[in-house]
Amino acid sequence: MVVQYLAFVIFSAFAIIGAAMVVWSRNLVHSALFLVMSLFGVAGLFILLSAPFLAAIQVLVYIGAIAILIIFAVMLTRSMTAIREPFNAQSWLGAVIGAVLFVALVAGMILPVWGWGSLPTLPQSDVVGTTRDIGIALVSADGYVLPFEVASLLLTAAMVGAIVIARED
Amino acid sequence: MASFLTTLLVVAIVATTPLVLAIPLIWIERKVAARIQDRLGPNRVGPWGIIQPIADAIKLIGKEDITPAGTDKVVYNLAPIVAVASVVLMWACIPFAPNLIGVDLEIGVLYIVSVASLGTMAIMMAGWSGNNKYALLGAFRVVAQLVSYEVPLVLSLLIPVLLAGSMGMQDIVTAQQGMWFIFMAPVAALIFFISAQAETGRAPFDLLEAESELVAGFNIEYSGMKFGLFFAGEFVHVLTNGVLIAHLFVGGWWGLGVSAEGGILSNVLGLIYLVIKTTIFYFISLWLRNTLPRVRIDQLMNFNWKFLVPISVANLVITSLLLKISQVAGFAVDLTTNASFTAALPMTLLLLGGNIALILGVIAIYGFNIRRDRVQEEAQAEAIAHAPSH
Amino acid sequence: MVIPLWMYLIVAASIFSIGVFAVLARRNAVAVLMGIELMLNAVNVNLVAFWRYSTTDSSMGGQVFAAFLFVVAAAEAAVGLAIVIAVYRNRRSVIVEDVDMLRW
């Protein structure tokens with residue numbers, strides 16, 4: 001459908017242009033806001049991929065919490081001097097590595113295997129990931145209940161660790 | 001092509017409804033506030049002051065559009081738009097009648113919570129872009145409050161989801177045909193109401209505005225229609241909260257003469273019932289706003305993390321436990337199918353008993369703590385009074 | 001037309017490469033953390049794309065994996081930013097190159 005294609009182009013543009021402006025922008029708060037734009041694009045891609053639960057969680061967790069945390073950190077750690085050079089001395093090497101990585105991934109792996117290779121590139125079935133299925137998968141014994149419990153332990157440890165590190169002692 | 005145009009028309013209607021509803025809300029707000037404060041309220045502009053909101057809007061539009069020096073123009077102009085957009089986006093998922101809903105998402109409740117969390121981003125942008133450190137401090141406090149009160153909001157929102165077995169808004173409303181959820185989970189309704197009141201920044205949690213303290217907090221630097229957008233966005237947010245509470249706990253568009261299939265009579269009656277219930281909750285919110293004093297930021301945070309969050313977690317555990325017990329004991333009812341009042345009654349009584357036990361437990365623990373503190377204080381006072389004087 | 005899988009993979013690869021560039025080339029520690037978030041997002045897109053285009057039954061492994069990645073990203077952002085704030089409080093600088101000695 002044309003509308004799906006158009007939506008894919010728009011969301012991908014949000015994601016990629018937002019990511020590029022995160023790196024390119026001199027002002028750090030602008031970078032954080034462009035990160036929000038990129039996260040929106042990724043949420044849109046999740047909706048196109050029939051994962052509405054993940055899209056809502058992306059907006060709620062990433063944009064509603066992590067992006068705000070990043071903006072807080074940017075505002076609390078502003079240096080009083082003028083804006084210095086955003087890129088360091090090895091930025092050209094970083095750009096080369098990023099470009100080589102991208103070309104290697106696309107030309108070396110993605111296009112040969114899934115572009116014109118033998119693996120199927122169209123969706124196999126009309127799966128729609130309902131929330132019920134995710135819930136059952138997360139707590140069923142032959143599902144992912146053990147990583148689920150470990151993830152909650154991880155969150156508790158991260159919360160305690162962040163509070164202890166950032167305290168004014 | 002025709003369906004595309006229909007979709008566009010529905011989108012336009014759903015997006016304009018909250019903005020149009022903001023206009024009578026301004027009048028209701030000022031009249032109710034005035035009457036509670038034993039004065040008359042606006043009564044000059046038109047009969048009973050009905051045209052007052054339009055006069056307000058004309059005043060705000062006619063003001064000079066000042067942008068302070070040193071602000072970040074794009075972010076400064078974007079913040080009120082994002083604030084209003086995050087509220088209007090919520091209305092896409094809210095059912096007005098058995099057949100009137102923007103889009104019945106399967107994850108409706110989660111979508112509403114996610115979009116509501118975009119409002120905090122708007123406040124952060126507003127506080128920073130004004131180039132004013134008091135605005136920034138105000139924005140920090142506000143964002144801390146909003147992010148903290150999302151936790152009991154979502155936890156108490158899970159109780160109707162648990163009872164209805166689905167996150168879709170129409171499913172939750174349909175599941176209340178036998179018994180409203182407020183009788184099954186009064187504690188959850190109360191916690192949701194308090195958290196929603198805090199999420200929109202209404203008194204007693206109105207450190208956001210704090211007209212007498214931080215001089216309007218993060219919107220110091222906003223004047224004219226941009227301030228008007230924040231203002232209208234806040235009113236529409238309170239209305240949206242009222243609509244949500246009506247749907248989640250009090251049955252939404254259910255009432256006498258409404259059937260789940262639809263039809264003209266059902267839709268009209270459902271809309272009327274929804275308006276009545278929403279108005280009641282909006283009035284309760286205004287009532288609280290005009291009678292309760294403001295809480296301090298540390299009292300606010302204490303209240304949230306040491307009181308509301310443990311209670312909502314305990315409530316969630318107790319409710320799921322009692323639901324499982326009622327399933328095992330055999331009197332559980334699948335509420336989304338046609339469950340009548342008498343069929344849902346045993347489960348209701350069990351859950352209500354669990355909630356009352358929770359309330360009594362909280363009062364007992366709280367009373368025990370207060371008694372222990374008072375005994376300690378009295379012991380200290382006695383030690384000071386009996387101290388040997390030099 | 002249905003969008004083929006490799007388009008999603010190319011989008012994810014580009015976001016990942018931009019994230020790699022951000023981590024390697026930016027001087028501010030918070031910008032480095034933003035690059036890490038970009039990389040995690042790209043991985044999420046990859047996971048969900050593969051889940052959508054490869055499963056025939058309703059096994060939810062891809063989405064569950066992506067959900068766990070949300071958890072890990074949130075935990076890492078919280079602890080990372082706490083460390084950045086603690087370093088700023090002690091050294092008054094968040095430039096990554098300035099934090100190069102273990103003690104004075």
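The model is predicted: local features need pLDDT of at least 70, side-chain atom pairs count only at pLDDT 80 or more, and totals for chains, interfaces and linings use all residues. Residues are numbered from 1 along each chain as its sequence is written, and chains are lettered from A and ligands numbered from 1 in the order in which they are written.

Chain A contains 6 helices and 0 strands, where helices (H or I, at least four residues) and strands (E, at least two) are DSSP runs numbered from the N terminus. Along the sequence, the pattern of chain A reads α-α-α-α-α-α. Chain A has 169 residues, of which 35% count as buried. A residue is termed buried if 20 or more other C-beta atoms lie within 10 Å of its own, exposed if 12 or fewer, and partly exposed in between, with C-beta atoms placed from the backbone. Two residues are taken to be in contact if their C-beta atoms, placed from the backbone, lie within 7 Å. Of the contacts in chain A between residues at least 6 apart in sequence, 53% join residues at least 24 apart. Chain A is divided into domain 1 (1–78) and domain 2 (130–169), the bounds coming from an automatic or database domain assignment. The C-alpha centres of domain 1 and domain 2 of chain A are 23 Å apart.

Among the chains, 2 pairs touch, and the pair with the most contacts is A and C. Chain C contributes 65 residues to this contact and chain A contributes 72 residues. On the side of chain C that touches chain A, helix H1 (5–25), helix H2 (29–54) and helix H3 (61–91) of chain C each supply at least two residues. The largest share of that side, 20 residues, comes from H3(C). By class, the side of chain C that touches chain A has 48 nonpolar, 12 polar and 5 charged residues. In this classification Ala, Val, Leu, Ile, Met, Phe, Trp, Tyr, Cys and Pro count as nonpolar, Asp, Glu, Lys and Arg as charged, and the others, Gly among them, as polar.

The contact between chains B and A takes 18 residues from chain B and 17 residues from chain A. Helix H4 (108–116), helix H5 (118–129) and helix H6 (133–164) of chain B each supply at least two residues of the side of chain B that touches chain A. H5(B) gives the most to that side, with 5 residues. The side of chain B that touches chain A comprises 14 nonpolar, 3 polar and 1 charged residues. Chain B and chain C do not touch, and their nearest C-alpha atoms are 14 Å apart.

A nonpolar core is defined as a set of buried Ala, Val, Leu, Ile, Met, Phe, Trp, Tyr and Cys residues joined through C-beta atoms within 7 Å. The largest such core has 184 residues, and those with the most contacts inside it are A:Ala67, A:Ile70 and C:Val30. Helix H3 (residues 52–76) of chain A gives the most to this core, with 19 residues. Domain 1 (1–78) and domain 2 (130–169) of chain A both give residues to this core, so the core lies between them. Apart from neighbours within four places in sequence, A:Ala67 is in contact with A:Ala32, A:Leu35, A:Val36, A:Leu39, A:Tyr62 and B:Met121.

Two residues of chain B were examined for backbone geometry. Most residues other than glycine have a negative phi. B:Asp38, which is not a glycine, has a positive phi near 65°. B:Asp38 lies in the loop between helix H1 (2–36) and helix H2 (52–62) of chain B and is exposed, with 6 other C-beta atoms within 10 Å. B:Trp48, also in the loop between H1 and H2 of chain B, has a positive phi of about 55° although it is not a glycine. B:Trp48 is partly exposed, with 13 other C-beta atoms within 10 Å.

B:Ala144 is in helix H6 of chain B and is partly exposed, with 17 other C-beta atoms within 10 Å. The C-alpha atoms of B:Ala144 and B:Lys133, 11 residues apart along the chain, are separated by 17 Å. B:Ala203 is found in the loop between helix H9 (186–200) and helix H10 (225–249) of chain B. B:Ala203 counts as partly exposed, with 19 C-beta neighbours inside 10 Å. Leaving aside neighbours within four places in sequence, B:Ala203 is in contact with B:Leu288, B:Arg289, B:Leu292 and B:Arg294.
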